[in-house]
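Me: I would like to learn how to read the features of a model like this one, step by step. Could we take them in turn, with the general idea before the particular case?

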Amino acid sequence: MATKIDIVTDENADLWIQNGDFVVGNATAKQAEVILNATEGDLRQFPTLGVGLNRFIGSIQPPEYLENIAREQLKSDDIVLINLSLTQEEKNSFKLDLEVE
């Protein structure tokens, strides 16, 4: 898989600007984050792409179900996963550990 090169943003989705220009770099992890947070229909160009993590908070679905959906959606965008694990921390929250190539 080729590295996804795009405009780089920080953890608050603010653009990085250096010397008066946008910073361009590896955006694979950020793209994976967008896919995980988006629900189907959010991305106009790719209406079937998106996991919608917020839909699963407080859900009765086992973490493995969400992991399978996430793996499938990321694979459809050619994102290679090194590690993906999901653990339920409380009834209304979970922890996602994601590492992409």
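This is a predicted model: local features need pLDDT of at least 70, side-chain atom pairs count only at pLDDT 80 or more; totals for chains, interfaces and linings use all residues.

Me: What joins the side chains of Glu 33 and Lys 30?

Reply: A salt bridge is judged by the distance from a side-chain nitrogen of Lys or Arg to a carboxyl oxygen of Asp or Glu, which has to be within 4 Å. The side chains of Glu 33 and Lys 30 meet in such a bridge, at 3.7 Å from N to O, and a search of the whole structure finds 1 salt bridge. Glu 33 is partly exposed, with a relative accessible area of 37%, and Lys 30 is likewise partly exposed, at 23%.

Me: Which residues have the most contacts inside the largest nonpolar core?

Reply: That core has 15 residues, and those with the most contacts inside it are Leu 36, Val 51, Leu 66, Leu 74 and Ile 79. Helix H1 (28-37), helix H2 (63-76) and strand S5 (81-90) each supply at least two residues of this core. If we leave aside the neighbours within four places in sequence, Val 51 is in contact with Ile 35, Leu 36, Ala 38, Phe 56, Leu 66, Ile 69, Ala 70 and Gln 73.

Me: Is Val 100 buried or exposed?

Reply: Buried means under 20% relative accessible area, so Val 100, at 17%, counts as buried. Val 100 is found in strand S6, and although Val 100 and Ala 29 are 71 residues apart in sequence, their C-alpha atoms are 6.2 Å apart in space. Beyond its neighbours within four places in sequence, the contacts of Val 100 include Thr 28, Ala 32, Ile 79 and Leu 81.

Me: Which residues make the nonpolar surface patch?

Reply: Ile 5, Ile 7, Leu 15, Ile 17, Phe 22 and Val 24 make a patch of about 580 Å². One of these residues, Leu 15, lies in the loop between strand S1 (5-7) and strand S2 (17-18), and at 46% relative accessibility Leu 15 counts as partly exposed.

Methods:
Residues are numbered from 1 along each chain as its sequence is written. Side-chain values use heavy atoms; hydrogens and water are left out. A nonpolar core is a set of buried Ala, Val, Leu, Ile, Met, Phe, Trp, Tyr and Cys residues joined through side-chain atoms within 4.5 Å. Buried means under 20% relative accessible area, exposed over 50%, partly exposed in between (1.4 Å probe, protein chains only). Helices (H or I, at least four residues) and strands (E, at least two) are DSSP runs, numbered from the N terminus. Contact means heavy atoms within 4.5 Å. Patches are made of residues with over 30% relative accessible area and no salt bridge: like charges are joined within 9 Å, nonpolar side chains (Val, Leu, Ile, Met, Phe, Trp, Tyr) within 5 Å. Accessible areas come from the Shrake-Rupley method with a 1.4 Å probe; for residues, only the protein chains shown count as cover.
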